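Student: I am new to this structure. Can you show me how to read its features, one by one?
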Amino acid sequence: MGKLYIRGGRPLSGTVRISGSKNAVLPIIAACLLPTSPCTLHDIPDLADVHTICLVLQHLGAQIKRNGTTLEIVPPIKPNTEAPYEFVRQMRASFLVMGPLLARSGLAAISLPGGCAIGSRPVDLHLKGFNMLGAHIEHGYGSIRAEIGIGGLQGKHIYLDFPSVGATENIIMAAVLAKGQTVIENAAEEPEIVDLANFLDAMGANIKGAGTKEVKITGVRELHGVTHTVIPDRIEAGTYLIAGAITGGNILIKNVIADHVKPVLAKLFEMGIAVYEEYEGLRVIGRKHYNAVDVKTMPYPGFPTDMQPQIMALMTCAKGTSIITETVFENRFMHISELKRMGALIKTVGRNAVIQGPVTLSGAPVKATDLRAGAALVLAGLCSKGITEVSNVHHIERGYEHFLEKLQNLGADIWGSDLDI
Ligand code: EPZ
């Protein structure tokens, strides 16, 4: 497994360009099963998760060609309807092919995604939506088989118990070719949902209200291929905002939609961090110390759970007591034990973490347990005394394109060994 080494203490400076959004491109690639003609996607990041979803689509019969950051995807005329465990095990977002397969073929057999480090990650809300649209669902041998009746998929009013991002995306993709209108109430409002809906509407779908709590989808008969550029990755952007702050640096972040990082900007402002909107992007200017703040992770437009580990690392530099409440995932505090190995003063009480600061962290060997936890450990290494060794960096490579290179270009004293890049 690859390792990253960071010698801390250098303020970052320079410019970094944010890549296309991992969490927008995964459902959009899955949606390329829906049209009857090819799609061209631009600004597609070179990430392990993107490779995995492309393997899944190829297994289902799609032809995919990558040319730099552009993907050409030719959908299958008659898709294979089985996505085996080997793919879903690698990445649970493979489950997002179920909605498109049901819409195109009326049948899908997908291995049940297991949990992951941050939580059990059930798919009950996805299945509730499919069932309400008329699919018959069967569980067996670790797989879920969904098949629609002779009447095909029929639009329905679906209430989501929780504004699940994946369930909202999967149900939208199933409903675009259903008969009649589907209403998803308590839908997720993330920008990635809006990007998916814009992509589908360009194909000829009829979706209203994406990005709000109520999404209305009126089914159409057929969809055609389109060209689309995915939105920038708001979590990658937030991670580099914190990299600039935690090192007391001054960096310009290009290709970012300021609106999408508003919840993070609000917290950075509270901490006393200056972020300026310039013509080419967002500039973050760090300082020596910051104010302690409280953060509660919430579905969008609340503070994103995917930025929780990263802001926790920053809170170790804040003067006073900060509290983080993680409301989205039940086990997203595994980075705490690793941060404590670096000298962080953090206590957990249930879903709350209490962080005392300011503390001068010291480099140590630490282990990435998931994508964002890994990024947080690198951020902590950037402001630590001495050298930090982060192992299991394959987690980081799943969601941060050219992470090592981008940080080196910003002046970080960071290098790697046995990396898969
Ligand atoms: C998406 O995961 C993101 N992944 C996650 O990003 C992100 O953390 C999450 O949304 C929340 O914002 C992608 O978009 C590929 P959810 P998803 O369904 O769709 C519960 C990263 O680091 N739930 O909104 O799986 C679930 O257990 C990753 O980039 C059900 O109970 O998230 C969790 O507690 C990590 N039943 C909560 O909802 C369901 O059927 C949020 O899950 C579905 C979800």
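Student: Leaving aside neighbours within four places in sequence, which residues is V88 in contact with?

Tutor: V88 is in contact with A83, S94, I110, S111, L112 and P113. Keep in mind that this is a predicted model. V88 itself belongs to helix α3, residues 85–90.

Student: Is V88 buried or exposed?

Tutor: Buried means under 20% relative accessible area. V88 has 1% relative accessibility, so it counts as buried.

Student: What separates the C-alpha atoms of V88 and Y141?

Tutor: They are separated by 14 Å. Along the chain, V88 and Y141 are 53 residues apart.

Student: Now the sheets. How do strands pair?

Tutor: Strands of a sheet pair through backbone hydrogen bonds, and they can run parallel or antiparallel.

Student: How many bridges join β1 to β25?

Tutor: There are 5 bridges, and the two strands run antiparallel. Strand β1 covers residues 3–7. Look at I6: it stands opposite I414 in β25.

Student: On to charges. What should I look for?

Tutor: Side chains of opposite charge can pair when their charged atoms come close. A search of the whole structure finds 16 salt bridges. Take D49 and R398, whose side chains meet at 2.8 Å, N to O. D49 lies in helix α2 (residues 48–59), and R398 in the loop between α13 (394–397) and α14 (403–409), so the pair ties together parts 349 residues apart in sequence.

Student: How accessible are D49 and R398?

Tutor: D49 is buried, at 3% relative accessibility. R398 is partly exposed, with a relative accessible area of 27%. K22 joins in too: K22, D49 and R398 are linked in a network of salt bridges.

Student: Which residue forms a salt bridge with K262?

Tutor: That is D259, with the closest N and O atoms 3.1 Å apart. K262 is exposed, with a relative accessible area of 52%. D259 is partly exposed, at 44%.

Student: What about E338: which side chain of opposite charge is nearest?

Tutor: R341 is the nearest, 4.1 Å away. A salt bridge needs a distance within 4 Å. E338 is buried yet has no salt bridge. Its helix is α11, residues 335–341.

Student: Which backbone atom does the side chain of E338 reach?

Tutor: The side chain of E338 reaches the backbone nitrogen of K367, at 2.8 Å. Beyond its neighbours within four places in sequence, E338 is in contact with V366, K367 and L377.

How values were computed
Residues numbered from 1 in each chain as written. Predicted model: local features only at pLDDT ≥ 70, side-chain atom pairs only at ≥ 80, totals over all residues. Heavy atoms only, no water. Pairing = 2+ DSSP bridges. Helix = DSSP H or I, 4+ residues; strand = E, 2+ residues; numbered from the N terminus. Buried < 20%, exposed > 50% of the residue type's maximum accessible area, 1.4 Å probe, protein only. Lys, Arg positive; Asp, Glu negative; His and termini not counted. Polar contact = N/O pair within 3.5 Å; in protein donor to acceptor, adjacent residues only side chain to side chain. Contact = heavy atoms within 4.5 Å.
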